[in-house]
Amino acid sequence: MDITIAQNIEKIIKSIDNERVQLIAVTKTKPVPVLLEAYEAGLKVFGENKVQEMLEKYEQLPKDIQWHLIGHLQSNKVKYIAPFVAYIHSVDSMKLLQEINKQAFKNKRIIPCLMQIFIAQEESKFGLDPAEAAEILASSELKELENIKIVGLMGMASNTSDTEQVKKEFAGLKQLFEQFKSTYSGPNIDFQELSMGMSGDYPLAVAQGSTMVRVGSALFGHR
Ligand SMILES: *Cc1c(COP(=O)(O)O)cnc(C)c1O
């Protein structure tokens, strides 16, 4: 057992100290033995950002691990993870949702999805703005998707040491979450999860209402 991974887990869980918040161990780029150490130290929820890597690790590791896809997902790759993925955090289009629904149906599953909202100052190719997300939630196409469930929102704050800025972005996402939660409902809409916070900013995210923190380097060291 690598003593540092176990210690990091303990330290982070202590500092979160909130029953509402789930720790997602971001294991991208880390080899299988490292994931196994984290598993043996008690972590059962892993986040990966690439389909191929998640698939390879899924095949080699115990089957009671929950796999969360947190990175950009191409429609043509959904089929590989649909049999087992626990949550998809990075939904950024109706087209992707429709493909997730199709593959979930084939696997006789309902896949929980979060919509990725663009909240940072930096330019990014991925993520929806609030108006685009609202359009998806209000659409008639969404009502037909019986094998997905929209369970919340995901966001990444600006990569800056300006904590006021980061706090503002998380607070904005929380506000949008509450607005969507009170506005949109249906058989496949159930706003429960707010996925925000990474190694550098998870305490700020938890203070602003996060329910899922995605922590990599603070657990496993730099990539
Ligand atoms: C890599 C990654 C994380 C974790 O980043 P750390 O700074 O290592 O904690 C969280 N979320 C997403 C979407 C990522 O790609």
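This is a walk through a predicted model, from its nonpolar core to the ligand site and then out to a few loops. Local features are given only where pLDDT is at least 70, side-chain atom pairs count only at pLDDT 80 or more, and totals for chains, interfaces and linings use all residues. Residues are numbered from 1 along each chain as its sequence is written, and side-chain values use heavy atoms, with hydrogens and water left out.

Let's start inside. A nonpolar core here means a set of buried Ala, Val, Leu, Ile, Met, Phe, Trp, Tyr and Cys residues joined through side-chain atoms within 4.5 Å. Buried stands for under 20% relative accessible area, exposed for over 50%, and partly exposed for anything in between, using a 1.4 Å probe and protein chains only. The largest such core holds 68 residues, and Ile88, Leu97, Ile100 and Leu153 have the most contacts inside it. Helix H8, residues 163-183, gives the most to this core, with six residues. Helices (H or I, at least four residues) and strands (E, at least two) are DSSP runs, numbered from the N terminus. There is also a second, separate core of eight residues, with Ala86, Tyr87, Met154 and Met212 among them.

Ile100 is a handy place to look around. Contact means heavy atoms within 4.5 Å. Not counting residues up to four places away in sequence, Ile100 touches Leu73, Val78, Ile88, Val91, Ile111, Cys113 and Ile148. Hop from there to Val78, which is found in helix H4 (residues 78-81). Why does Val78 count as buried? Because its relative accessible area is 1%. Leaving aside neighbours within four places in sequence, Val78 is in contact with Leu73, Leu96, Glu99, Ile100 and Gln103.

Now for the ligand. The residues around it, meaning those with a heavy atom within 4 Å, are Val26, Lys28, Ile70, Met156, Met198, Ser199, Arg214, Val215, Gly216, Ser217 and Arg223. This shell divides into five nonpolar, three polar and three charged residues. In that scheme Ala, Val, Leu, Ile, Met, Phe, Trp, Tyr, Cys and Pro count as nonpolar, Asp, Glu, Lys and Arg as charged, and the others, Gly among them, as polar.

The side chain of Arg214 has an N or O atom 2.8 Å from a ligand nitrogen. Ser217 uses its backbone instead, with an N or O atom 2.8 Å from an oxygen atom of the ligand. On its own the ligand has 390 Å² of accessible area, and the protein covers 90% of that (Shrake-Rupley method, 1.4 Å probe).

Next comes the loop between strand E1 (22-26) and helix H2 (32-40), where you'll find Lys30. Lys30 counts as buried because its relative accessibility is 13%. Setting aside neighbours within four places in sequence, Lys30 is in contact with Leu35, Glu53, Lys57, Phe220, Gly221, His222 and Arg223.

Most residues other than glycine have a negative phi. Phi of Thr29, though, is near 70°, a positive value. Asp17 also has a positive phi, near 40°. Asp17 lies in the loop between helix H1 (3-16) and E1, and counts as exposed at 66% relative accessibility.

The last stop is Thr160, in the loop between strand E6 (148-156) and H8. Thr160 is partly exposed, with a relative accessible area of 34%. Beyond its neighbours up to four places away in sequence, Thr160 touches Gln165 and Val166. A polar atom of the Thr160 side chain also lies 2.9 Å from the backbone nitrogen of Asp162. Across the model, the C-alpha atoms of Thr160 and Ser75 are separated by 31 Å.

Technical notes:
Polar contact = N/O pair within 3.5 Å; in protein donor to acceptor, adjacent residues only side chain to side chain.
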